[in-house]
Amino acid sequence: MSKERVRETLSEKQLSEMVELLYQQLRQRARSVRSRLPHCATMDSRALIHEAYAKMAQGNHQFHSETHFLATASTAMRHVMIDYVRQKNAGKRDDDGIEPALLIPEQEQERLLEIDKALTRFEQHYEREHKVAVYRIFGGMTLEETALAVGVSLATVKRDWAFAQAWLYKQIAS
């Protein structure tokens with residue numbers, strides 16, 4: 001299905017139908033997230049996508065475009081990963097009995113929490129740059145897709161991304 005057709009369809013379809021249209025693209029993005037976050041290399045991309053979908057389905061979202069949908073999915077994937085780590089640390093399983101270590105290797109769960117804490121601090125000072133970081137890190141969105149989702153130029157996203165990377169690296173490395 002062409003991107004023009006997907007964009008046209010997205011404004012008319014419910015969340016479940018959007019996931020059906022974009023499922024393969026989301027799986028590819030989840031794999032991309034795993035490859036860029038070495039500590040998540042063994043994460044099951046299918047489980048991540050399904051859990052993110054369940055989180056997105058809880059709200060009554062209206063998506064304006066494919067990019068808007070992917071941006072929302074990026075945020076949901078971040079929350080899924082962090083929720084699992086927190087459940088693990090609390091000694092709990094989720095309602096379905098899914099063990100967090102199936103998504104994120106146990107030895108790397110603390111590192112993911114560090115990244116999340118740094119992103120939360122970052123958001124307090126740099127809201128737009130935070131969105132860029134979340135969409136790029138957790139959603140695997142390209143610079144162009146991120147620019148569309150945030151509503152700024154490609155050059156601005158490139159600067160925001162470079163700044164976010166440097167800021168986060170400094171926070172996590174210290």
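Is Asp160 buried or exposed, and what is its relative accessible area? Asp160 is buried, with a relative accessible area of 5%; here buried means under 20% relative accessible area, exposed means over 50%, and partly exposed lies in between (1.4 Å probe, protein chains only).

These close-ups come from a predicted model, in which local features need pLDDT of at least 70, side-chain atom pairs count only at pLDDT 80 or more, and totals for chains, interfaces and linings use all residues. Residues are numbered from 1 along each chain as its sequence is written, and side-chain values use heavy atoms, with hydrogens and water left out.

**View 1. Arg128 and its two partners form a network.** Salt bridges link Arg128, Glu129 and Asp160 into a network; a salt bridge is a side-chain nitrogen of Lys or Arg within 4 Å of a carboxyl oxygen of Asp or Glu. Arg128 meets Asp160 at 2.6 Å, N to O. Because Arg128 lies in helix α6 and Asp160 in helix α8, this pair ties together parts that are 32 residues apart in sequence. Helices are DSSP runs (H or I, at least four residues), numbered from the N terminus. Between Arg128 and Glu129, the closest N and O atoms are 3.6 Å apart. Arg128 is partly exposed at 35% relative accessible area, while Glu129 counts as buried at 14%.

**View 2. Arg78 and Asp116 form a buried pair.** Look for the salt bridge between Arg78 and Asp116, where the closest N and O atoms are 2.5 Å apart. Arg78 belongs to helix α4 and Asp116 to helix α5, so the pair ties together parts that are 38 residues apart in sequence. Both Arg78 and Asp116 are buried. A search of the whole structure finds 3 salt bridges.

View 3. A nonpolar core is a set of buried Ala, Val, Leu, Ile, Met, Phe, Trp, Tyr and Cys residues joined through side-chain atoms within 4.5 Å. The largest one has 41 residues, and Leu119, Ala133, Phe138, Trp161 and Leu168 touch the most other members. Helices that each supply at least two residues include α2 (15-36), α5 (109-125) and α8 (154-173). The largest share, 11 residues, comes from α4.

**View 4. Trp161 and its contacts.** Leaving aside residues up to four places away in sequence, Trp161 touches Val132, Ala133, Arg136, Ile137 and Leu143. Contact here means heavy atoms within 4.5 Å.
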